[in-house]
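Open the model in a viewer with residue selection at hand. The stops below are meant to be taken in order.

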Amino acid sequence: MNPSKVVRGNISKLTDLPNIGKASAADLELLGIAKPDDLKGQDPYEMYERLCIITGVRHDPCVIDVFISVTCFINGDEPKVWWNYTVERKSVLAKK
């Protein structure tokens, strides 16, 4: 969902989360995440690595940005567009 339309009190399914549409919801479901609360305690970088292993495909790194956006949101941050997290992702990956 577009982050500007997200209402925290109305979050009941994955597509209610910021930056999550049908395709990203399907990716989350592959990871065993069936509902928004399942994101609590998840590491977005580890989620990305698991997704790549499960699907046998190296996904675009921007998927990490989406995962960061929803894990931050579920932990209390305001909804933000996924590309707000690109600099963070690049910084973290540069250190690995």
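What follows is a walk through a predicted model, one selection at a time.

**Stop 1: the core**

Select L17, I20, L28, L39 and F67. These residues have the most contacts inside the largest nonpolar core, which has 25 residues. Next, colour the helices α1 (22–30), α2 (44–55) and α3 (62–74), the elements that each give two or more residues to this core. Which of them supplies the largest share? It is α3, with nine residues. As background, nonpolar side chains in soluble globular proteins tend to be buried together.

Stay in the core and centre on L39. Beyond its neighbours within four places in sequence, L39 is in contact with L17, L28, I33, M47, V70, T71 and I74. Two of the partners in that list, L17 and L28, also belong to the group of core residues with the most contacts.

**Stop 2: α1 against α2**

Hide everything but α1 and α2. A packed pair of helices is described by the angle and the distance between the two axes. Here the axes come within 9 Å and cross at roughly 85°, so α1 and α2 are roughly perpendicular to each other.

Now show the side chains at the crossing. From α1, select D27, L28 and L30; from α2, select M47, L51, I54 and T55, which they meet. By type, the residues of this contact divide into five nonpolar, one polar and one charged.

**Stop 3: V63**

Move to V63, in helix α3. Is V63 buried or exposed? It counts as buried, at 17% relative accessibility, since the cut-off for buried is under 20%. Leaving out residues up to four places away in sequence, V63 touches Y48 and L51. Draw the C-alpha to C-alpha distance from V63 to Y48: the two are 7.0 Å apart in space and 15 residues apart in sequence. L51 was also selected at the previous stop, as one of the α2 residues that meet α1.

**Stop 4: N19**

Check its backbone: N19 is not a glycine, yet it has a positive phi of about 70°. For comparison, most residues other than glycine have a negative phi. N19 counts as buried, with a relative accessibility of 13%.

Which backbone oxygen lies 2.8 Å from a polar atom of the N19 side chain? That of K80. Setting aside neighbours within four places in sequence, select the residues in contact with N19: M1, P3, S24, V66, S69, K80, V81 and W82.

**Stop 5: R8**

R8 is also placed in the segment before α1. With a relative accessible area of 40%, R8 is partly exposed. Select F73, G76, D77 and E78, which R8 touches when residues up to four places away in sequence are not counted.

A polar atom of the R8 side chain lies 2.9 Å from the backbone oxygen of F73. Although R8 and F73 are 65 residues apart along the chain, their C-alpha atoms are separated by 9.0 Å.

**Stop 6: T86**

Finish at T86, in helix α4 (residues 86–94). T86 is buried, with a relative accessible area of 15%. Show its side chain together with W83: the backbone oxygen of W83 lies 3.3 Å from a polar atom of the T86 side chain.

Conventions: Residues are numbered from 1 along each chain as its sequence is written. This is a predicted model: local features need pLDDT of at least 70, side-chain atom pairs count only at pLDDT 80 or more; totals for chains, interfaces and linings use all residues. Side-chain values use heavy atoms; hydrogens and water are left out. A nonpolar core is a set of buried Ala, Val, Leu, Ile, Met, Phe, Trp, Tyr and Cys residues joined through side-chain atoms within 4.5 Å. Buried means under 20% relative accessible area, exposed over 50%, partly exposed in between (1.4 Å probe, protein chains only). Helices (H or I, at least four residues) and strands (E, at least two) are DSSP runs, numbered from the N terminus. Contact means heavy atoms within 4.5 Å. Axes are lines fitted to C-alpha atoms, for helices over the stretch in contact, and angles run from 0 to 180 degrees between N-to-C directions. Angles under 35 degrees count as roughly parallel, over 145 as roughly antiparallel, 65 to 115 as roughly perpendicular and the rest as oblique. Ala, Val, Leu, Ile, Met, Phe, Trp, Tyr, Cys and Pro count as nonpolar, Asp, Glu, Lys and Arg as charged, and the others, Gly among them, as polar. A polar contact is a pair of N or O atoms within 3.5 Å; within protein, one must be able to donate a hydrogen and the other to accept it, and residues adjacent in sequence count only if both atoms are side-chain atoms.
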